[in-house]
Amino acid sequence: MKIFLLHRIHSDIRSSCSILASTSALLFFIFHSPAAIFPDNPETKLPAHSTAKNAVPYKKIGVPVLSYHSVYSDKTAEKLEDPFVIGKTAFKAQIEFLKKNKYKSISLQEFYDFLNGKKYFYPPFKPILITFDDGWKNFYTNAYPVLNQNHYAAVLFIYPSATGYSEFLNWKELQKIKRSGHEIEGHGFSHEFLHNMSKEEQLGEFKNIQNSIRTKLKHDVKWIAYPYGVFNHHSQEALVKSGYLGAFTVFSGENLPGQNLFSINRYLVIRKDSMQDFEKKLSIRSLLIEDLNPAQGSVLKKSDTITVKLKGTYLKNQLNVFIGGKFINRNKKVKFTYSEKTGQIKINIPYRNKSEFIVVNITAFQKGIEKEISLLYLSEVSK
Ligand SMILES: [Zn+2]
């Protein structure tokens with residue numbers, strides 16, 4: 001997956017544009033609920049999800065999070081190399097698919113409460129979080145009208161060093177987007193890779209986003225989407241220290257109560273996704289882990305061991321472990337040991353990794369359902 005294309009695009013834009021003078025933010029009465037998108041619709045006066053006494057909440061299925069980047073006209077999208085650019089027709093079809101299948105967008109607060117076991121969602125509606133990375137201007141022109149028309153709220157992860165460049169949303173547009181019920185959170189201050197930064201440098205990044213958004217949009221940033229989905233073993237501590245509640249990766253899977261809030265799964269939507277692919281992505285289930293050593297983002301050498309304690313009981317032959325030498329590629333099945341008694345998997349790093357990143361992907365197939373989890377590590381070449 002050509003995840004690094006985005007970096008090139010961002011660098012090009014940064015080097016070729018001048019920073020626009022920023023506008024000062026006005027303090028508006030903010031509706032923070034997705035319902036503000038369609039305040040006149042009587043349906044929205046009800047809670048987003050039925051709480052009827054006899055309703056049975058979703059327990060085994062978690063919340064899917066979609067990760068979008070850009071939505072362009074079909075003609076433009078086809079010409080662009082960037083795999084994360086979606087055509088307007090495909091985007092509309094995806095949103096209509098969600099509507100037809102009774103998905104309702106939830107707020108970050110509802111998502112947080114669900115992950116902490118304080119809120120459940122009830123049929124017939126299914127919860128979903130729709131996110132957009134980078135804060136591209138085309139959100140405003142192409143995605144925003146479709147979302148509003150279909151009563152879906154989005155979460156935008158922006159990086160303030162780009163805000164105001166002509167290809168990116170300006171603060172005035174962001175204020176309007178926020179007022180209509182969408183949420184604006186952080187995506188780094190500079191969109192630089194975090195995995196090469198010290199804890200102090202990351203603290204600076206995370207604080208700078210908060211200061212900038214607090215000044216312009218008058219709210220506290222509490223969530224981040226890791227730039228390029230990449231982080232190191234200092235990131236979580238620096239985020240907690242800065243008052244963040246959670247962080248989003250680009251690994252596929254649903255999100256369940258009891259998981260690490262600083263490793264939230266998202267389904268990356270790419271242009272070549274057919275509707276079938278889109279539907280399939282939404283159905284990837286997640287494995288929960290109880291314990292992990294060393295922590296994600298640590299540097300691993302050849303022969304180092306990762307110990308993962310799974311939640312739930314599995315047989316060895318239901319499990320598989322893959323190591324991706326490149327980012328998020330599940331490209332090499334590796335040997336591992338597993339204790340059915342303790343639920344502990346031990347994985348030896350079998351080779352010296354040439355890529356900067358080591359992605360360990362564990363899958364479990366049981367009762368006709370496959371579940372998976374991806375873990376991000378750094379290799380020696382990262383340093
Ligand atoms: Zn980005």
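Helices (H or I, at least four residues) and strands (E, at least two) are DSSP runs, numbered from the N terminus. With that in hand, let's walk through the model. It is a predicted one, where local features need a pLDDT of at least 70 and side-chain atom pairs count only at pLDDT 80 or more, while totals for chains, interfaces and linings use all residues. Residues are numbered from 1 along each chain as its sequence is written.

First, the overall picture. The protein has nine helices and 19 strands. Its average pLDDT, the predictor's confidence in each residue on a scale from 0 to 100, is 85, and 83% of the residues score at least 70. Over residues 1-50, though, the pLDDT is below 50, and beyond near neighbours in sequence this stretch has 70 contacts in the model. Two residues are in contact if their C-beta atoms, placed from the backbone, lie within 7 Å. Among contacts in the protein with a separation of 6 or more, 69% come from residues 24 or more positions apart. Of the 383 residues, 40% count as buried. Buried means that 20 or more other C-beta atoms lie within 10 Å of the residue's own; exposed means 12 or fewer, and partly exposed is in between, with C-beta atoms placed from the backbone.

Now to helix α3, residues 88-100. Its 13 residues reach 18 Å from the first C-alpha to the last, close to the 18 Å expected at 1.5 Å a residue; the expected span is 1.5 Å times one less than the number of residues. K88, F91, Q94, I95 and L98 are buried in α3. They cover an arc of only 130° around the axis, so they sit on the same side of α3. That arc is the one made by the directions from the helix axis to the C-beta atoms. On the other side of α3, T89, E96 and K100 are exposed.

What comes just after α3? K102 does, with a positive phi of about 65°, although K102 is not a glycine. K102 lies in the loop between α3 and β4 (103-105), and it counts as exposed because it has 10 C-beta neighbours inside 10 Å. As background, most residues other than glycine have a negative phi, and most peptide bonds are trans.

H191 also has a positive phi, near 60°, without being a glycine. H191 is in the loop between β7 and α7, and this residue counts as buried, because 23 C-beta neighbours lie inside 10 Å. As for peptide bonds, a cis one joins P123 and P124, with omega about 10°. P124 belongs to the loop between α4 (108-115) and β5 (126-134). Another cis bond joins N293 and P294, with omega about -5°, and P294 is found in the loop between β12 and β13 (299-300).

Helix α7 is worth a stop too. The buried residues of α7 include F206, I209, I213 and L217. After α7 comes K218, whose phi is positive, near 60°.

Four strands form an open sheet in the order β12-β14-β17-β16, with antiparallel pairing; two strands pair if DSSP finds at least two bridges between them. β12 (289-293) and β16 (336-339) stand at the edges with a single partner strand each, so one side of each has no neighbour in the sheet. From one strand to the next, the twist averages 15°.

Look at β17 inside this sheet. Five bridges join β14 (residues 305-310) to β17 (residues 344-348). I306 stands opposite I347 in β17, and T307 has K346 as its bridge partner. β16 pairs with β17 over four bridges, and T337 stands opposite K346. Those two strands form a hairpin with four residues between them, and G343 in the turn has a positive phi of about 75°. Which residues of β17 are on its covered face? I345 and I347 are, while Q344, K346 and N348 make up the uncovered one.

Notes: Axes are lines fitted to C-alpha atoms, for helices over the stretch in contact, and angles run from 0 to 180 degrees between N-to-C directions.
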